[in-house]
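Please look over the sequence and the structure before reading on.

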Amino acid sequence: MFVPYDNYHMVVITYLDKKFFGNNQQILLEQLEIQGFNIPYSCRAGICGICKLALIAGRVRKLTEHLIYRDNIILCCSCIPESDINLIEF
Ligand code: FES
């Protein structure tokens, strides 16, 4: 799913020390899946919390508000990158 947001731009996504180019339009979970990462998920709607990852650098745009979503813990099914980001498992 693409979420039109500002001007399209590329970002560098680092997950578990592997880097790839992503963008600021597509759901982060989908971008990780396209790269072959198997991220656990269930609802894909920001409800179950299964897809949570720790954001250790950079910014994401939240698409839903939820209690699990706090500090540097993100629900990757419900956000898009805003900048280069660095993620690890939660
Ligand atoms: S898959 Fe359920 S919150 Fe992301």
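The text below takes up the sheet, then the cysteines.

This is a predicted model, in which local features need pLDDT of at least 70 and side-chain atom pairs count only at pLDDT 80 or more, while totals for chains, interfaces and linings use all residues. Residues are numbered from 1 along each chain as its sequence is written, and side-chain values use heavy atoms, with hydrogens and water left out.

**Sheet**

Strands (E, at least two residues) are DSSP runs, numbered from the N terminus, and two of them pair if DSSP finds at least two bridges between them. An open sheet is formed by 5 strands in the order β2-β1-β7-β3-β5, with mixed pairing. Because β2 (18–23) and β5 (73–75) stand at the edges with a single partner strand each, one side of each has no neighbour in the sheet. From one strand to the next, the twist averages 40°; the angles run from 0 to 180 degrees between N-to-C directions of axes, which are lines fitted to C-alpha atoms.

Strand β7 (residues 85–89) runs parallel to β1 (residues 10–15), joined by 3 bridges. With β3 (residues 52–57), β7 pairs in the antiparallel sense over 4 bridges. Residue pairs in these strands include the following.

| Residue | Opposite residue in β7 |
|---|---|
| Y15 | L87 |
| A57 | N86 |

**Cysteines**

A disulfide is counted as a pair of cysteine sulfur atoms within 2.5 Å, and the count comes to 0 disulfides.
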